[in-house]
Amino acid sequence: MSLQQDIMSALKEAMKSKDQTALTALRAVKSAILLAQTESGAKEDLTEEQELKILQKQVKQRKDSAAIYLEQGREDLAAPELAEAEVISQFLPEALTDEEIEKVVVAVIEQTGAEGMKDMGKVMGMVSKELAGQADGKTISNIVKAKLS
């Protein structure tokens with residue numbers, strides 16, 4: 001079953017159980033996927049990699065919003081954002097630990113022969129493609145910077 005079908009079935013379950021948090025989160029994801037499909041101009045389905053990027057973006061948006069709310073002392077607004085991020089995260093593959101990400105980064109650096117920060121873009125591109133959906137860009141970036149400097 002594709003990710004889009006999984007989201008639709010979860011949306012139906014959320015409707016039946018009257019789970020407003022899940023409904024809001026899943027409707028936003030469904031909307032983002034439909035928007036991405038129409039942007040390309042074609043009515044064909046998105047690749048799994050594209051769907052995962054959309055989900056990661058949705059989770060990141062909610063976590064960023066929650067962080068801003070917490071900075072301002074608005075826990076009442078941060079809690080729903082974090083709950084929605086948790087709902088969306090269920091559809092992402094299991095996140096890798098920093099050590100696992102580091103192994104991939106080291107392997108890519110050895111494979112490309114990267115030396116120094118001038119090669120960061122090349123390394124980041126390859127690692128990001130390899131770890132699509134399993135690690136966020138900020139974590140990858142920090143590890144790549146540490147290894148190249």
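Colleague: Which helix gives the most to the lining of the largest pocket?

Modeller: That is α3, with nine residues. Bear in mind that this is a predicted model.

Colleague: What other elements give two or more residues to that lining?

Modeller: Besides α3, they are α4 (75–89), α5 (98–112), α6 (120–130) and α7 (137–148).

Colleague: How many residues line the pocket, and which lie nearest its centre?

Modeller: The lining has 33 residues, and Gln56, Lys60, Ala135, Asp136 and Gly137 lie nearest the centre. By class, the lining divides into 14 nonpolar, seven polar and twelve charged residues.

Colleague: And what volume does the largest pocket have?

Modeller: About 750 Å³.

Colleague: Switching to packing. At what angle do α1 and α2 pack?

Modeller: About 150°, with the axes of α1 and α2 9 Å apart. An angle over 145° counts as roughly antiparallel, so α1 is roughly antiparallel to α2.

Colleague: Left-handed or right-handed crossing?

Modeller: α1 passes α2 in a left-handed crossing. Residues in the contact include Ile7, Leu11 and Met15 of α1 and Leu23, Leu26 and Ile33 of α2. By class, that contact has twelve nonpolar, two polar and two charged residues.

Colleague: What about α1 and α3, how do their axes cross?

Modeller: At roughly 45°, and the axes come within 10 Å. That makes α1 oblique to α3.

Colleague: Which residues make the contact?

Modeller: Leu3, Gln4 and Ile7 on α1, and Glu51, Leu52 and Leu55 on α3. Four of these are nonpolar, one is polar and one is charged.

Definitions and conventions
Residues numbered from 1 in each chain as written. Predicted model: local features only at pLDDT ≥ 70, side-chain atom pairs only at ≥ 80, totals over all residues. Heavy atoms only, no water. Axes fitted to C-alpha atoms, helices over the stretch in contact; angles between N-to-C directions. Helix = DSSP H or I, 4+ residues; strand = E, 2+ residues; numbered from the N terminus. Parallel < 35°, antiparallel > 145°, perpendicular 65-115°, else oblique. Contact = heavy atoms within 4.5 Å. Nonpolar A, V, L, I, M, F, W, Y, C, P; charged D, E, K, R; others polar. 1 Å grid on protein atoms, 1.4 Å probe; cavity = no way out; pocket = protein on both sides within 12 Å on 5 of 7 lines; lining within 4 Å. Points joined across faces, edges and corners; volume = space filled by probe spheres on them. Left-handed = near helix turned anticlockwise from the far one by under 90°.
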